[in-house]
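Hello,

Here is the structure I promised to pass on. My notes on its cavities and pockets follow.

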Amino acid sequence: MSRVPAVQRVAIFGGTHGNEMSGVTLVNMWMKNGAEIERNGVVTKPFITNPRAVEKCTRYIETDLNRAFTPENLSASSGDDLPYEVQRAKDINQLFGPKGSPDAYDVIFDLHNTTSNMGSTLILESSTDHFNLQMVHYLKKAMAPESCMVLLNEHPQLRYYTTRSVAKHPVGLEVGPQPQGVLRSNIFESMRTIVKHALDFIELFNSGVEFPACSVEVFRVHEKVDYPRDTNGNITAMVHPDLQDCDWEPLNPGDPMFQTFDGRSIPYAGDGPVYPAFINEAAYYEKQQAFTTTRRETLAAAPIRKAPK
């Protein structure tokens with residue numbers, strides 16, 4: 001039995017990317033009236049993380065806030081020469097952290113949209129955070145029959161320094177497909193429902209409910225795949241129509257992966273099946289990423305119960 005301290009402070013972040021409208025809209029709504037996110041024994045704070053980017057309806061102003069929470073950035077001296085998002089990262093770390101300290105917020109939900117056909121996805125940063133594993137197991141059951149995938153990013157080269165990483169238990173929520181700068185009612189409602197179920201789980205946990213051992217299917221980040229390019233760095237092929245919109249479906253060796261502008265197929269040449277995610281994500285063209293490959297695995301979540309005071 002894993003004894004976990006009570007969850008006393010929860011933050012819900014929207015606008016980490018200013019053109020991902022579900023989180024921006026929900027957080028602005030909850031800042032005006034937070035009744036539906038109130039739970040017994042928990043302080044829940046909705047917060048717009050990148051207000052300038054939200055104002056301009058753009059992903060970021062100078063640099064990606066969701067990659068800015070590095071030790072170097074958080075320890076940098078404040079000054080006018082810091083990029084806007086680096087200063088925001090420092091400010092957020094002071095408000096909700098400090099990262100890695102006992103004073104950090106217990107849970108942060110960071111709300112994102114993707115242009116990819118990923119449905120509802122929960123993003124975890126640790127395979128050994130049994131509180132988060134139990135929470136996503138609860139969420140998957142609560143959302144059924146609607147699917148809710150779990151993306152695990154522990155890859156030493158591909159994991160990044162997220163806004164939510166300030167918390168003891170960081171959870172990313174990625175819901176799509178939705179174009180940038182657009183609000184779709186079905187995506188909005190899916191995100192809203194997941195947040196409400198997650199807060200219900202926290203309230204149950206705080207009330208002393210014991211969650212027994214369980215297993216959780218996750219998709220572990222494996223590698224980043226770029227588009228084919230010429231010697232000048234220009235893209236020379238597109239995501240193949242047989243792969244487009246097929247997030248979470250197996251991609252086997254020999255399956256078509258890209259299609260050149262003259263119609264030639266480029267097959268996947270890996271050594272076994274992978275499960276792509278973030279296929280043709282609009283925001284990742286600048287990051288030289290056509291999609292992420294993942295490997296499916298099952299994690300064992302230990303039983304958890306609230307630790308005595």
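How much space lies in the largest pocket? About 330 Å³. This is a predicted model, where local features need pLDDT of at least 70 and side-chain atom pairs count only at pLDDT 80 or more, while totals for chains, interfaces and linings use all residues. Residues are numbered from 1 along each chain as its sequence is written, and side-chain values use heavy atoms, with hydrogens and water left out.

Terms, briefly. The grid is 1 Å over the protein atoms alone; a cavity is a set of points where a 1.4 Å probe fits but cannot get out, and a pocket is an open set with protein on both sides within 12 Å along at least five of seven lines. Lining residues have an atom within 4 Å of a point. A volume is the space filled by probe spheres set on the points, which are joined across faces, edges and corners.

The pocket: 16 residues line it, and Arg67, Asn153, Leu158, Tyr160 and Gln289 lie nearest its centre.

The cavities: the whole structure has 3 of 30 Å³ or more. Of its 15 lining residues, His17, Arg59, His112, Glu174 and Tyr284 are the closest to its centre.

The second largest cavity holds about 60 Å³. Its lining is Ile123, Glu125, Asn153, Arg159, Tyr160, Thr162 and Arg164.

Best wishes
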